[in-house]
Amino acid sequence: MSGLHSQINLVSNDSVFHDAQAFLALSRGRDVPPLVRSSLIHEATHHWCFTSPVGSTLSLLSLSASRSTLQWALDGDDSDLDRVLDDLLTYRVLVEWLRPLSEGMALFAEFDVRLDPTARTPSPPVDAGLLYLFGLPRRLSGSEESPTRVRWHLTDDVNRWRLSPHVVSRKAELLLQPLEGATGHYLLGYLAVKRLWRRAAKQVPELADADLFMTYLRKLVYADYGLVARILDRSRPGPSRALVVAEYVFDRLSHLADLGDAAVDWDAFHEALTRVDNADPITNPDRADGLPYVLRGDDVDDVRRGIRLRWELVQEVLKPLDLPPEFRPLLADFFPSMLRERHLMWLCATPGRWVRLGDKMGRVEVDGEVVYESLTLTNASDESLQDVQLDVYLDLYARRTFTTISTDRDDADRRVRDVFGVISLEQREEGYFEELLRTRLDRDQIRRVTNMFSTQLPHYLDSTNFNDVLTGLWDRGVRDLLDETYRSLAFDDTRVSGRLEGSGLAQLLGGSADLVRGVAAVTLGASAGLSPDVVAGLCAGQPLSIADTLALVARRWPWPDQPLAAIDPHGFLQSHF
Amino acid sequence: MDHLRIEGFSRLDALDLVQDHPDARIDFEEAVPRDAEHGELATVALVAVTIAGLQALAAWLLKDRKQGHLERKLEMITPDGARRTETLRIHLSESTSQADVLRELGQTIGVDLSTLDAS
């Protein structure tokens, strides 16, 4: 992984952040610095989508294949080769089919979703943003002002951040991406999500709320057990299963474009979002979801079938492996650990020092600064305890952060991580920490084994015709179909997409970096519902004024009905981008 | 022609720099996402190793002047596809000039600047 940008792995839900050390602030009860806000919202949105029925199903498919390749490597047993290849083909096609949607939603969360503390059921990324990026609890508890005024100040701060040079540059960079090629899914996916939002909002006014729309979109696709049933329909060979799944995803997305007079029971919808906490993550892997949400017209039997098939896949993945002794320490509990921890978002780690104050009592220091003043060990010994590691986690769904304290010890010929403490500065909830300490919480193990599987799998596949079949599928039209699907979702007019191909907006805007920045600022202001004057004030340091930006775009952009950067009839900024 | 591969050099950066360095040739690598990996937009620039290209790169590195000590990995790619990685280490201050950075770049990648094409 590059160290210069943040990433998350769909299978393990393991996240790695650039500037990760900024998250240490959470272990000290402080807000996270502004420079990582965009990254956290982006990756939290991915995490939320991957902690879903569809996300977990894809993860389980990959883990099931990994299990089989491991068994094959150990004892030559390839009896389930055909099943594994079919599963993997479906997995690979669907991961790529959903990639533009996945990145589109993460970017939509970064740039367009408002952080509204009055929302009835804020999405987990928004909730985390309010709690840990903008310090909502601290603002409310520490202020003599009314909650309404506190919210106004919060909104001002969020807008100031959204129109900051850092975020404007990020948006500008997105707008400069090509629509095709290896990175084409970013801009194409983002524009598809934005257009689906506009069309949905026209038909159902409640969906003008970008966060509610994003939650609805996620429920429609990622939390759809009907899609799970199709992914796990092993009666179909891989190629036809993959195509059925791709077509089904398109139909689900098209539903948003054609809501018509469909009335949404919002009470039922919000009730379906109510999460179940403190349940066993293995029997209840949907920590990010409440009840399965069934759209009017959906087949309830389909949903039941999806739930059943996924449960059977969980059992398959958890079947004990017959491992030789040298593999047992690393792998024996890997699969249950992975499933138990997949809903936790790891943020960062740092070395620390245990300073003994008494029998099983001590403090923890990081770089000479006291992080935890006085800790008492209840179930562990502090004999020869000195060097420790602190790992900071965010549980997006239980709305809390916590820090684990661990040491390394030698076990035979390998180092083992022992977590002996969990600390949270938030109110202790009955059973939460006890459940955590039943998990391994060894991030190194998860990474090592995940990397091992991803290295091993190609060797397994090279001895089959899998790569030829997958390449053939893409080359014989599936790649073109994917591209056409998202273009049809992203654009009202193919003339616009045609002109944007190649260099994105750069060519249309005369290669002017200042103008691209100005356009980015206008698009961000439009999503925040701001007027030109307000955005001009927030972007006073930019080389090109908002007024000049609007004037230049009016001369260069030939499609006023698909505004790039304009003013609407009510005097507010307007953009489809 | 040799190219320098640099992570974190964005298309917006290239647009900024091309105004002052129109002869610099900067392309972008098509980084294929790996299977399960998802995340932020990552940009990797390929800068042609010419005087104009290195001057543009020096100007870009100087944007981080307030950072003080700068350490940056540079991957040199030759026309036959051979690659080697070098690490540029330079202390930046208010008085650091673009010529200073250019000289350090040349030394780091082992190139005699006087032998390079202008563009």
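Of the 119 residues that make up chain B, 48% count as buried in this predicted model. The accessible surface of the chain comes to about 5,800 Å², and carbon and sulfur atoms account for 46% of that area. The secondary structure of chain B consists of three helices and six strands, which follow one another from the N terminus in the order β-α-β-β-β-α-β-β-α. The radius of gyration of chain B, 14 Å, is close to the 14 Å given by the globule rule for 119 residues, so the chain is as compact as a globular protein of that length. Taken along the principal axes, the box filled by the C-alpha atoms of chain B has dimensions of roughly 45 × 35 × 25 Å.

The interface between the two chains involves 41 residues of chain A, which are in contact with 23 residues of chain B. The area buried between chain A and chain B is about 2,700 Å², and 53% of this area is given by carbon and sulfur atoms. On the side of chain A, the residues that lose the most area to chain B are Arg99(A), Glu173(A) and Ala182(A), which together provide 20% of what that side buries.

Within chain A, helix 16, comprising residues 334-341, is mostly covered, in that six of its eight residues are buried. These buried residues are Phe334(A), Phe335(A), Ser337(A), Met338(A), Leu339(A) and Glu341(A). The elements of chain A that cover them include helix 3, helix 14 (300-318), helix 15 (328-331) and helix 18 (443-462).

Helix 3 of chain A, which spans residues 53-75, also contains Gln71(A). The relative accessibility of Gln71(A) is 15%, and because the cut-off for a buried residue is under 20%, Gln71(A) counts as buried. When residues up to four places away in sequence are not counted, Gln71(A) touches Gly76(A), Asp77(A), Leu321(A) and Asp322(A).

Technical notes: Residues numbered from 1 in each chain as written. Chains lettered and ligands numbered in written order. Predicted model: local features only at pLDDT ≥ 70, side-chain atom pairs only at ≥ 80, totals over all residues. Heavy atoms only, no water. Helix = DSSP H or I, 4+ residues; strand = E, 2+ residues; numbered from the N terminus. Rg over C-alpha atoms; globule rule 2.2 N^0.38 Å. Buried < 20%, exposed > 50% of the residue type's maximum accessible area, 1.4 Å probe, protein only. Areas by Shrake-Rupley, 256 points an atom, 1.4 Å probe, with all protein chains shown as cover. Contact = heavy atoms within 4.5 Å. Buried area = accessible area lost by both parts, 1.4 Å probe.
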